[in-house]
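Hi everyone, thanks for making the time. I'd like to walk you through one structure, and please keep it open on your screens while I talk.

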Amino acid sequence: MSRITDMTDTHNWSGQKLVTADHMLFDAPREKHFMTGSEVLKEAIKRCTVDASVSYPITPQSEAAHLIGELWAEGYVGTYFRGENEFGVMSEVAGCAMAGARTVTTTSGPGTLRAMENFPQWSGTRIPCQLVLMARGINSPLTIQPDNLEVSFMLETGCMIWYAENVQELFDMSIAAFIVAEKPDVHVPIVTVVDGFFVSHTRESVMLPADDIALFPYEPYKSPLPPIDSETPPGRFLRDPFVMKSNYISYATHASWQWEVRSAVERSRPYAEHFLNGLVHTTGNEDATIAFVTCGTASHQAKEAQRDLEKQGIKTKVIKLRTIRPFPTKELLAALDGVTDVFVPEFNVVGWLEKEVKTALYNKHSAAIVGGPRVAGGMSMPSEAIQKEVFEHINGKGA
Amino acid sequence: MAIDIYKINPEFRDIMPKEIIDLEENATWAQNQEKPRGIKELPETKEILEEHSLCAGCPEAAALRYVLSALPKPEETIIVNSTGCTSLMFPHIALHTVHSLFGNQNAVATGIRRVLDWRFPDTEKDVVVLAGDGATVDIGLDYTLQSFFRQENITTICFDNEVYANTGGQESGATPKGQVFKMAPTGKKFEKVKMWELAVTSGCHYSMNMTASAPKSVAKAVREAILVAREIGPTFLNIYTPCILEIGLSANEGLGEMKDQDKDRFASFKHVSPEAEEFLKKCKAEGKL
């Protein structure tokens with residue numbers, strides 16, 4: 001175990017040289033490794049000078065949570081323990097972050113819903129913690145399969161939501177996530193999502209910087225709300241506690257604060273653009289009139305379909321959304337220039353991304369939007385299913 | 001940092017409200033004390049609780065004043081609260097306090113405790129949970145007991161008014177059997193949960209059941225519980241603060257009700273583990289009590 005007092009101006013408590021996020025993500029030389037999403041998350045957290053992590057077992061995120069525990073045992077993470085259940089864990093994470101810690105936790109599917117009351121509380125208290133959500137289906141019936149239905153429940157919690165497609169993106173995003181969430185003008189929680197198993201358990205080649213460097217520590221005294229550590233003057237003397245009074249102050253406080261939380265998420269855009277190289281990534285035929293709008297591993301499947309369709313003479317492109325909150329409306333509209341037909345393939349039954357896309361494009365773009373193919377419960381989404389959706393739609397239009 | 005955070009910037013002194021200046025000049029901060037703080041100073045010094053917005057004569061407000069006057073080191077104390085009548089008073093406390101959700105107080109306090117230990121390894125900081133019986137015994141029971149199991153260095157104080165008062169008088173787990181309240185229109189069907197006994201079984205090193213009828217006793221218990229939590233492990237105080245409104249008493253009848261209950265449901269229960277007992281003896285010898 002380490003002591004925070006071992007940290008110097010140039011090195012953190014585990015002896016890693018402190019570097020900027022730009023150096024870590026863009027400049028530091030990288031070497032090729034072959035690892036799973038869970039393993040790569042350990043490598044990311046190892047390089048982030050993380051103060052605190054709280055864990056709880058649930059498939060498929062358990063391994064990632066174990067590995068963060070190993071980092072604590074090895075002296076890289078300041079404090080770590082297993083909580084009693086996800087509601088407790090997310091409350092413990094809130095306590096850690098309120099007390100001024102760079103804090104990370106992980107969960108999946110049902111755990112997300114058990115903890116749900118905490119997420120708007122996180123954003124309401126403006127803590128910049130990171131939840132790595134390894135998406136999984138939601139009961140009932142019991143399932144552990146990759147399905148991302150729980151993300152739909154997170155959309156209006158006031159947290160930022162980023163979505164990584166693969167192991168490499170999980171590494172880079174989970175590092176950038178701390179930095180963007182901790183910007184004083186943002187300072188809201190961030191949820192970094194990957195699809196369970198498809199990313200958490202799949203071994204891929206990945207380029208990593210050396211592990212003798214790490215991010216500069218979190219600076220809690222730059223927080224828009226003072227950390228709860230008895231080191232700064234407390235706010236006090238509210239003669240009318242606004243929470244309980246049905247008066248104008250109560251309305252005004254709640255209204256302005258709720259807008260402010262959402263504005264803070266909006267203010268993350270320029271930082272996210274910088275660290276993620278844009279909020280959307282487009283691949284395929286630039287001048288295609290058919291586009292797939294995707295996130296996560298559905299992007300990977302759509303890219304395969306794009307290549308297969310190209311062989312048949314049908315030009316398409318894949319517009320991968322990297323942030324869901326804030327939603328990249330402007331970037332999506334630009335990427336859809338000239339597109340007449342949009343397909344939104346998804347790994348969930350409700351089609352939450354389709355709804356997001358339709359809301360963003362309403363009265364702004366004339367393309368037809370098809371919510372499909374849509375698979376759920378962890379069913380796979382082969383290229384053929386995506387192609388079938390395209391053919392049915394196009395033929396249906398009499399093409 | 002501690003006491004320095006209460007010193008007013010001279011540039012702003014002329015526009016500061018009197019209560020803030022009083023806080024700097026006349027509050028009983030531990031750092032300014034020769035001997036332990038205590039309720040004796042309440043009449044002459046600036047209290048850490050400015051005002052309160054509870055009902056006239058509410059015993060909970062009095063109990064909170066006793067608790068705050070007895071904190072061994074208020075300038076290094078963080079209090080975690082839950083939803084209920086107590087959350088109405090928290091905005092008036094001149095310390096770092098947290099209101100998070102209903103029932104998660106011991107989980108939030110755990111996170112704070114762990115991180116304070118990590119960030120300030122050489123500074124004694126106290127974490128105190130203060131919540132009602134609904135938060136402690138019902139909705140937050142899991143998190144309360146789990147923090148005891150984990151041996152968190154936290155003091156948990158339950159202001160037990162035996163009812164969900166702030167929501168309009170519903171039965172809670174701490175309500176005595178047979179009592180008619182809302183949601184128990186024919187009377188409560190099971191016994192009052194003996195949280196102070198659960199605390200002992202779950203690993204608390206100091207557990208008391210008492211009323212707030214005797215200010216000195218409350219102050220002594222608070223002080224001992226916090227010192228034990230700081231050094232040894234979790235501690236628990238269950239303090240009867242009746243909801244006079246819900247049991248049909250007048251503003252001047254709260255004290256009488258508590259005195260009556262000193263002999264009944266809140267007859268004194270005190271558990272001190274052998275380690276805690278030895279530690280408290282040492283504290284006494286050193287003049288900390």
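Let's begin with helix α6 of chain B, residues 141-149, whose buried residues are Y143(B), T144(B), L145(B), Q146(B), S147(B) and F148(B). Do keep in mind that this is a predicted model.

With chain A already in the picture, let's turn to the contact between the chains. Chain A puts in 38 residues and chain B 39. On chain B's side, α3 (86-89), β2 (96-99), α4 and α6 each supply at least two residues. Which of chain B's elements gives the most to that side? That would be α4(B), with 11 residues. By class, chain B's side divides into 21 nonpolar, 9 polar and 9 charged residues.

My last stop is a helix pair within chain B. Helix α2 (residues 59-70) and helix α8 (residues 215-231) of chain B pack at about 45 degrees, and their axes are 8 Å apart. That angle makes α2(B) oblique to α8(B), and their crossing is right-handed. If you'd like to find the contact on screen, look in α2(B) for A63(B), Y66(B), V67(B), S69(B) and A70(B), which meet P215(B), V218(B), A219(B), V222(B) and R223(B) in α8(B). This contact has 8 nonpolar residues, 1 polar and 1 charged.

That's my tour, and I'm happy to take questions.

Note on methods
Residues numbered from 1 in each chain as written. Chains lettered and ligands numbered in written order. Predicted model: local features only at pLDDT ≥ 70, side-chain atom pairs only at ≥ 80, totals over all residues. Axes fitted to C-alpha atoms, helices over the stretch in contact; angles between N-to-C directions. Helix = DSSP H or I, 4+ residues; strand = E, 2+ residues; numbered from the N terminus. Parallel < 35°, antiparallel > 145°, perpendicular 65-115°, else oblique. Left-handed = near helix turned anticlockwise from the far one by under 90°. Contact = placed C-beta atoms within 7 Å. Nonpolar A, V, L, I, M, F, W, Y, C, P; charged D, E, K, R; others polar. Buried ≥ 20, exposed ≤ 12 C-beta atoms within 10 Å, placed from the backbone.
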